[in-house]
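This report walks through one protein model, from its overall make-up to single residues. Keep the sequence and the 3D view open while reading.

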Amino acid sequence: MKLIRDKTPDLLRGTTRTARDDDEFNILLRAKLMEEAAEVASSTSREETIKELADLVEVQRALMILLNITPLDLNIAVVEKAGRK
């Protein structure tokens, strides 16, 4: 999987795309996140699931970098949500 950024090819829906700016990159990353989540959901073997989860994590990381979200920010949110349940 390749992400959409500047002149980096994106395989979003089988077409090559480049993002013109951060706003468009954000939109395309979110669409890619949904695509990868669907692929995880439809995977049928452990090996395929691992590969699809790796793609999902790659998109998650790119979105976190774009939005300046740190792993600590994410962990705090996880703990806070768990505390509310």
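Contact means heavy atoms within 4.5 Å. By that rule S43 touches E48, T49 and E52, leaving aside residues up to four places away in sequence.

The model is predicted: local features need pLDDT of at least 70, side-chain atom pairs count only at pLDDT 80 or more, and totals for chains, interfaces and linings use all residues. Residues are numbered from 1 along each chain as its sequence is written, and side-chain values use heavy atoms, with hydrogens and water left out.

**Overall make-up**

The protein has three helices and zero strands. Helices (H or I, at least four residues) and strands (E, at least two) are DSSP runs, numbered from the N terminus. The order from the N terminus is α-α-α. Of the 85 residues in the protein, 25% are buried. Buried means under 20% relative accessible area, exposed means over 50%, and partly exposed lies in between (1.4 Å probe, protein chains only). Take the contacts between residues at least 6 apart in sequence: 35% of them join residues at least 24 apart.

**The α1 and α2 pair**

How do the axes of α1 and α2 cross, and within what distance do they come? They come within 9 Å and cross at roughly 160 degrees. That makes α1 roughly antiparallel to α2. Axes are lines fitted to C-alpha atoms, for helices over the stretch in contact, with angles from 0 to 180 degrees between N-to-C directions. Angles over 145 degrees count as roughly antiparallel.

Residues of α1 in this contact include F25, L29, L33 and V40. On the α2 side, L53, L56, V59 and L63 are among them. The residues of the contact divide into eleven nonpolar, two polar and seven charged. Here Ala, Val, Leu, Ile, Met, Phe, Trp, Tyr, Cys and Pro count as nonpolar, Asp, Glu, Lys and Arg as charged, and the others, Gly among them, as polar.

E36 and A54 are 18 residues apart in sequence and 9.3 Å apart in space, C-alpha to C-alpha. For L28 and L63, 35 residues apart along the chain, the C-alpha separation is 9.9 Å.

**The loops**

S43 sits in the loop between α1 (22–42) and α2 (46–66). Its side chain makes a polar contact with the side chain of T49 at 2.6 Å. The S43 side chain also reaches the backbone oxygen of V40 at 2.7 Å. A polar contact is a pair of N or O atoms within 3.5 Å; within protein, one must be able to donate a hydrogen and the other to accept it, and residues adjacent in sequence count only if both atoms are side-chain atoms.

N68 belongs to the loop between α2 and α3 (71–84). Its phi is near 55 degrees, a positive value in a residue other than glycine.

**Accessibility of the residues discussed**

| Residue | Relative accessible area | Class |
|---|---|---|
| E36 | 2% | buried |
| L28 | 6% | buried |
| S43 | 14% | buried |
| N68 | 65% | exposed |

Note on methods. Parallel < 35°, antiparallel > 145°, perpendicular 65-115°, else oblique.
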